[in-house]
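Morning, everyone. Today I'd like to talk about pockets. Let me put the model up.

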Amino acid sequence: MCGIVGYLGNKNTKEILLDGLKELEYRGYDSAGIAVLQNNNFSNYKAVGKLINLEEKTKDFVTNSFAVGIGHTRWATHGKPTELNAHPHLGESSYVVHNGIIENYVSLKNELQSDGVKFLSQTDTEVIVHQFEKNLITAKDTFEAFSQTISQLQGAYAILLVTKGEDETIFFAKHGSPMLMGVNEENEKFFASSDTPLIGHAKEVNYFEDGDYGYVSKNEIIIYSKDKELQKPNFQTISTNRLSSQKNGYRFFMEKEIYEQSDVVSDTLMGRLGENEINFNEIDSTLFDDINEIKLCACGTSYHSALSASYMFERYAKIRCCVEIASEFRYRDPLMCKDTLFVVISQSGETADTLETLKMAKKEGLKTLVICNVDNSSMVRLADACILTRAGIEKGVASTKAFATQVSVFWMLSLYVAKLRDAMDANQLAKQIHLLREIPSSLKISDAIHEKIKRLSKRYLHGHGFFFIGRDIFFPLALEGALKLKEISYLHAEGYPSGEMKHGPIALADPELFTIALLPQHLLYEKSKSNVEELSARDSTICAISAIEFDKADDFIQINECQDYMLEFFEMMIVVQLLSLEISVRLGNDVDMPRNLAKSVTVE
Ligand code: M6R
């Protein structure tokens, strides 16, 4: 949540900060701001709404000599998205940007207010800059004041601070929110919440660990660990490929990402499919020794892929599997047993609730595995083992290709575990591997189906709600379809197991209740069909998705005939993603940056 950037160097500071924020805008877009310290003078600009408003405000602002600058794009947690609440926040002569939540801000604020400090915003962040300036009065130097301030904060943060007394320095601290620093041979220094803003600028980057704090100046990089030990930066080379983060002619990143799924899943499968076995060279099979249960924990779309995984682990690998919503798990005093493999799933690897459950499992001594899309993310660095999903950068807030690659990884992993546990014979395994190779074809999108969905979408712009229904592994897909639709169309949608409708929800059935029915030919077709017929008999408007013609539906979207229900799963996934996209487009919504959301939820 929120994106922060920082720059120290001789180039065009304003452009570098704004370009960096553009790359991070998906993390939050309620407001944005920059503060630049040049020749001991501050320039500060803030604007409500998308970055374009800040670009407009800063169009006459020129930075052409050495400067230090910080910038922020916000997803509001404390206080409305107003200009006063936008970062950077100002003290007397310092500015701060922050991503995360300062949990003890109320007590710090009360104390500062009783000292006579006036607060301008409703944010938790503003306490940081005032506390720093208070500490400055008694500290022996600026860094001591900054270090003291950090030690007084509780919560999650990535912080950058600049101050007039030190006009060639950026102070930083990281705990629980992502941040990295990049350098190049021109001695420029860059900070950002993720690596994309640094591509093309920095040659090497240092990913900060939780508890790191310090400062950079023209010639110094000072990093202290949480134990107050001076550290050497741990530089790694950064990719130089920014191409994948552009839209390539598609209307939206989400659309591009839906179309990319066939290719990215090929990457996910690459090198992992043997003749009669699945290879995950990145994990050691001993990870599964003495394991009798798999516990999966995640949020949102990643939670839905975890639910899909639970069907596959139990069916193929014959291992007990349970799935938990991370925000629930962390506060319910869960029992954790040593014979459980704890698996977290996350596109970003930074989701605060999921990260916390990983820490809990580690603390209890469980073996841990992360299924993640972002290498070097917090979860990847923390877990005992990691499988990367290889989806590439996902920019649309509504997750699509991350889901497809997660489900593909889980399909492979369940077979990998099946082999380890002798739960599947060689023929069945070979057949499954053959099916896995077919996923990329099932994810190819024909013009005809996209056109059909585009046309159909005009009939689904109103009504009093949507039910997405499916059985078995198509139930998590129904949940995912409903989540996609509500995220970007702002229409009410629910995912339900088809067989559950008659236990209450069917009371809502009428022509204005739209049912999106997932009817796989190869899994419980007759049972699912009867459930849809029950809704049809009550005059619910039905849009059926199936390979088999279905005459009880008002609308019908035909997928290709497939050899197996898992391939039907991927075909139907494309349909529900495109349907949400086209409904959202017709409603005139911002598909890539829907209201109230952000790509990476690094606050709880
Ligand atoms: O990065 P993560 O996979 O941990 O994110 C979890 C959810 O915040 C995320 O899937 C969210 O639900 C998406 N907006 C769904 O499209």
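How much space lies in the largest pocket? About 770 Å³.

Some ground rules. This is a predicted model: local features need pLDDT of at least 70, side-chain atom pairs count only at pLDDT 80 or more, and totals for chains, interfaces and linings use all residues. Residues are numbered from 1 along each chain as its sequence is written, and side-chain values use heavy atoms, with hydrogens and water left out.

A pocket, on a 1 Å grid over the protein atoms alone, is an open set of points where a 1.4 Å probe fits, with protein on both sides within 12 Å along at least five of seven lines; lining residues have an atom within 4 Å of a point. Volume is the space filled by probe spheres set on the points, which are joined across faces, edges and corners.

Back to the largest pocket. Its lining has 37 residues. Nearest the centre are Asp 195, Asn 373, Val 374, Asp 375 and Ile 393. Domain 1 (3-240) and domain 2 (246-440) each give at least three lining residues. Those bounds come from an automatic or database domain assignment.

Now the second largest pocket: about 640 Å³, with 30 lining residues. Cys 299, Gly 300, Thr 301, Leu 483 and Val 601 lie nearest its centre. Where does it sit? Domain 2 (246-440) and domain 3 (445-604) both contribute to the lining, so this pocket lies between them.

Which helix gives the most to that lining? Helix 8, with 5 residues. Helices here are DSSP runs (H or I, at least four residues), numbered from the N terminus.

Terms used
Helix = DSSP H or I, 4+ residues; strand = E, 2+ residues; numbered from the N terminus.
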